[in-house]
Amino acid sequence: MHAARQQQYLQALGIELWVARAPPAGAPATAPPPADTAAAWEGLRREVAACTRCALHATRTQGVLGVGPRRCDWLVVGEAPGAEEDRRGEPFVGPAGQLLDAMLRAIGLDRTSNVYIANVLKSRPPHNRDPRPEEVAACMPYLLRQVALLQPKIMLAVGRIAAQNLLGTEAPLSRLRGQVHRFGEFNVPLVVTYHPAYLLRTPQDKRKAWEDLKFARGLYQRLTGGGDGHGT
Ligand code: SF4
């Protein structure tokens with residue numbers, strides 16, 4: 001990443017400059033997904049668009065499956081679509097989304113090339129209330145199918161609600177940060193950080209979020225022998 005641009009992203013985050021490592025020689029090139037993977041994604045998109053598995057279908061504008069490449073090493077998971085996401089059909093597109101993008105770019109990730117972004121719930125809860133357990137249970141199979149298709153090497157849970165639902169715990173976010181968890185039967189390494197909407201309200205915690213991102217990036221590099229985030 002261009003150093004000046006990276007500095008801009010970091011300034012948006014309110015954190016200090018860091019030096020990016022060059023990708024390792026011989027890093028794998030991005031390969032197109034097989035045709036059956038494309039069909040599976042299309043099937044998933046259609047199912048979510050028509051889903052009535054929980055009561056949220058009655059109040060949403062549209063289901064929001066996720067955004068990003070069909071196969072990549074990084075999967076970011078938030079809580080649920082908000083008002084803007086519900087309108088536009090894409091996760092994290094309001095001010096919180098812009099901050100998330102800046103956070104991700106600071107570690108070399110971009111939703112158009114090497115990170116997939118999704119939510120635990122695909123439909124917006126009215127007035128952005130917390131997801132109910134039965135809604136999470138009804139919707140989780142979609143996320144599991146996304147994980148199976150993406151085959152991520154690392155997951156980043158943003159916010160308490162996403163972290164607690166992905167890990168099946170009621171532990172506070174402060175206890176979940178700074179360690180490597182494992183997601184479900186896929187056993188995907190998972191790191192927890194703050195939700196960008198929280199960081200907009202509590203900018204003094206941006207520095208802790210930056211620590212989480214560096215922790216996740218370091219873990220990814222250890223997992224991949226120094227990869228730069230571009231998937232296979
Ligand atoms: S939240 Fe999930 S399970 Fe509920 S209607 Fe939306 S897509 Fe279906």
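1. The lining of the largest pocket draws at least two residues from each of four helices, namely α3 (83-88), α4 (95-106), α6 (160-167) and α8 (196-201), and α8 gives the most, with four residues. Helices here are DSSP runs of H or I with at least four residues, strands are runs of E with at least two, and both are numbered from the N terminus. This is a predicted model, in which local features need pLDDT of at least 70 and side-chain atom pairs count only at pLDDT 80 or more, while totals for chains, interfaces and linings use all residues. Residues are numbered from 1 along each chain as its sequence is written, and side-chain values use heavy atoms, with hydrogens and water left out.

2. The space in this largest pocket comes to about 560 Å³, where a volume is the space filled by probe spheres set on grid points that are joined across faces, edges and corners. On a 1 Å grid over the protein atoms alone, a pocket is an open set of points with protein on both sides within 12 Å along at least five of seven lines, a cavity is a set where a 1.4 Å probe fits but cannot get out, and lining residues have an atom within 4 Å of a point.

3. Of the 28 residues that line the largest pocket, Glu-79, His-195, Ala-197, Tyr-198 and Arg-201 lie nearest its centre. By class, this lining has 14 nonpolar, seven polar and seven charged residues, with Ala, Val, Leu, Ile, Met, Phe, Trp, Tyr, Cys and Pro counted as nonpolar, Asp, Glu, Lys and Arg as charged, and the others, Gly among them, as polar.

4. There are three cavities of 30 Å³ or more, and the largest cavity has a volume of about 100 Å³. Its lining consists of 14 residues, with Cys-51, Cys-54, Arg-60, Ser-123 and Cys-139 nearest the centre, and helix α5 (residues 133-150) gives the most to this lining, with three residues.

5. The ligand sits in the largest cavity, which requires more than half of its atoms to lie within 2 Å of the grid points. Among the residues around the ligand are Cys-51, Arg-53, His-57, Lys-122 and Tyr-142, each with a heavy atom within 4 Å of the molecule.

6. Arg-177 belongs to the loop between α7 (173-176) and β4 (181-183). The side chains of Arg-177 and Asp-212 are joined by a polar contact of 2.8 Å, that is, a pair of N or O atoms within 3.5 Å, where within protein one must be able to donate a hydrogen and the other to accept it, and residues adjacent in sequence count only if both atoms are side-chain atoms.
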